[in-house]
Amino acid sequence: MIIEIPGRKTLEIKDVVFDYNGTIAIDGKLISDVSKYINELSSSFNFYVITADTYGTVKKELENTNCKVITIPALAQDLSKLNFVKELGLNTCLSVGNGRNDKLMLKESILGIAILQDEGLCTETLLNSDILVKSIFDVFAFLKDSNRLIATLRN
């Protein structure tokens, strides 16, 4: 997806990185219809879910979803997530998260989206993001219709 945003450099998004808990899952359970949207958009984007898997459920919850699950160690999760998006390429990576351990990947990605759902949002993460949304489905709406991103980010 290439997006021309007035007053901002052109964005090219190839990879989408989701945090798991608080972002596409609540209390370790995948939010209903998330798999459907990822599968629907997987021909246009590479989807990744990066998590320390606090509840031990991520692989089972995402078994029928067109995404790659990246499990990271419990320590230095913020650096693990940042290093992962750096490997993908910061200039083409959109990242989404809510926790303190997401703040670095949101800050450094070409587009960082903070999400405020049932598990809350770390203030530091909010301040390191480009956009705040109320639901994971708002992110999917951005990916389906780039005009929504343009309306939010234009100068």
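Analyst: Asp-130 is partly exposed, at 35% relative accessibility. Buried means under 20% relative accessible area, exposed over 50%, and partly exposed in between, with a 1.4 Å probe and protein chains only. This is a predicted model, where local features need pLDDT of at least 70 and side-chain atom pairs count only at pLDDT 80 or more, while totals for chains, interfaces and linings use all residues. Residues are numbered from 1 along each chain as its sequence is written, and side-chain values use heavy atoms, leaving out hydrogens and water.

Asp-130 pairs with Arg-8 in a salt bridge, with 3.8 Å between the closest N and O atoms. A salt bridge here is a side-chain nitrogen of Lys or Arg within 4 Å of a carboxyl oxygen of Asp or Glu. Arg-8 sits in the loop between strand 1 (2-3) and strand 2 (11-12), and Asp-130 in the loop between helix 5 (123-127) and strand 10 (131-133), so the bridge ties together parts 122 residues apart in sequence. Helices (H or I, at least four residues) and strands (E, at least two) are DSSP runs, numbered from the N terminus. Arg-8 is also partly exposed, with a relative accessible area of 27%.

The structure holds nine salt bridges. One of them joins Lys-14 to Glu-12, at 4.0 Å from N to O. Lys-14 is partly exposed at 43%. Glu-12 is partly exposed at 34%.

Now the pair Lys-81 and Asp-102. Their closest N and O atoms are 2.6 Å apart, in a salt bridge. Lys-81 lies in helix 3 (residues 77-88) and Asp-102 in the loop between strand 8 (93-97) and helix 4 (103-108), so this pair ties together parts 21 residues apart in sequence. Both Lys-81 and Asp-102 are buried. Asp-19 joins these two in a network of salt bridges.

Then the whole chain. The protein chain has seven helices and 10 strands. Its radius of gyration is 14 Å, close to the 15 Å of the globule rule for 155 residues, so the chain is as compact as a globular protein of that length. That radius is taken over C-alpha atoms, and the rule is 2.2 Å times the number of residues to the power 0.38. The C-alpha trace spans about 45 × 30 × 30 Å along its principal axes. Buried residues make up 52% of the 155 residues.
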